Amino acid sequence: MLSKIQGVLVEAGDLISINVHGLTLDLFVSRYTKSQLPQFGSTVSLFTHLVIRENEWLLFGFYLAVERSLFRQLISVSGVGPKLALAILSGYEVPVLATHIEKKNILALSSISGIGKKVAERIALELHGKLFAISQEQVDVQGENAHDAIRALVGLGIRLSEATKKIKSIPNYQQLSLEELIREGLQK
């Protein structure tokens, strides 16, 4: 599985192109991710999701792990493909979109280009209750291990805001393994 890439940004149009050790990869990205890109020629690191179809490979890039997580939730919904999921992510910032889904705000969801009322209702129905870990607090936490540790603490019955505070209070939490983060988080 291709989960993260790091390379030099060489082009940003409808797709962005990143050169990774002489191999240039084209990625589809959301409006938010595109806004976070550095200048051309700079190193960029993105979380990725690879979609393999019979006649094509599509690579999607995300600035935040939580954005990729919501993308994966969206493509699990019947009738929502990866390009539509990316359009949905481009409609709202991740915490706002998650809130609209959790509150079943069909009007807000159907206001996104390409989303009709029926698709918006299906998204709200199928994802309601599954996006508890996607909030503004978690977006402020950097690192996939930190996000996974927060989810694990929440799964053990700790409130999301409390779990986030515990992980963020650990010195150098970005460099620790998932197991170390969970252990430290439970000790705090």
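Modeller: A residue is called buried under 20% relative accessible area, exposed over 50% and partly exposed in between, with a 1.4 Å probe and protein chains only. This is a predicted model, in which local features need pLDDT of at least 70 and side-chain atom pairs count only at pLDDT 80 or more, while totals for chains, interfaces and linings use all residues. Residues are numbered from 1 along each chain as its sequence is written, and side-chain values use heavy atoms, leaving out hydrogens and water.

Biologist: Why is Phe-71 called buried?

Modeller: The relative accessibility of Phe-71 is 0%, and the term requires under 20%; Phe-71 therefore counts as buried. Phe-71 is found in helix H2, where helices (H or I, at least four residues) and strands (E, at least two) are DSSP runs numbered from the N terminus.

Biologist: Which residues is Phe-71 in contact with, leaving aside its neighbours within four places in sequence?

Modeller: With contact taken as heavy atoms within 4.5 Å, the partners of Phe-71 are His-49, Phe-60, Phe-62, Pro-82, Ala-85, Leu-86 and Leu-89. Val-10 lies elsewhere: its C-alpha atom is separated from that of Phe-71 by 25 Å, at 61 residues along the chain.

Biologist: Which residues touch the most other members of the largest nonpolar core?

Modeller: They are Leu-74, Leu-97, Ile-101 and Ile-123, in a core of 31 residues. The elements giving two or more residues to this core are strands E4 (43-52) and E5 (57-62) and helices H2 (65-75), H3 (82-91), H4 (94-102), H5 (106-110) and H6 (117-127). The set is called a nonpolar core because its members are buried Ala, Val, Leu, Ile, Met, Phe, Trp, Tyr and Cys residues joined through side-chain atoms within 4.5 Å. In soluble globular proteins, nonpolar side chains tend to be buried together. Leu-74 illustrates the packing: beyond four places in sequence, its contacts are Val-80, Ala-85, Ile-88, Leu-89, Leu-97, Ile-101, Ile-123 and Leu-127.

Biologist: How do you know that Lys-117 forms a salt bridge with Glu-121?

Modeller: The closest N and O atoms of Lys-117 and Glu-121 are 3.9 Å apart. A salt bridge is a side-chain nitrogen of Lys or Arg within 4 Å of a carboxyl oxygen of Asp or Glu, so this pair qualifies. The two residues are four apart in helix H6, which means a separation of about one helical turn. Lys-117 is exposed at 57%, and Glu-121 is partly exposed at 36%.

Biologist: How many salt bridges does a search of the whole structure find?

Modeller: The search finds two. Glu-56 also pairs with Arg-53, the closest N and O atoms being 3.1 Å apart. Glu-56 is partly exposed at 30%, as is Arg-53 at 37%.

Biologist: Which residues line the largest pocket?

Modeller: The lining holds Leu-2, Leu-15, Thr-24, Leu-25, Asp-26, Phe-28, Leu-50, Trp-57, Leu-58 and Leu-59. Strand E3 (23-29) and E5 each give two or more residues to the lining, and the largest share, four residues, comes from E3. The pocket is so called because, on a 1 Å grid over the protein atoms alone, a pocket is an open set of points with protein on both sides within 12 Å along at least five of seven lines, whereas a cavity is a set where a 1.4 Å probe fits but cannot get out; lining residues have an atom within 4 Å of a point.

Biologist: How do the residues of this lining divide into nonpolar, polar and charged?

Modeller: Eight are nonpolar, one is polar and one is charged, where Ala, Val, Leu, Ile, Met, Phe, Trp, Tyr, Cys and Pro count as nonpolar, Asp, Glu, Lys and Arg as charged, and the others, Gly among them, as polar. The space in the pocket is about 150 Å³, a volume being the space filled by probe spheres set on grid points joined across faces, edges and corners.

Biologist: What makes His-21 count as exposed?

Modeller: Its relative accessibility is 83%, and the term requires over 50%; His-21 is therefore exposed. His-21 lies in the loop between strand E2 (16-20) and E3, and its phi is near 50°, a positive value in a residue other than glycine.
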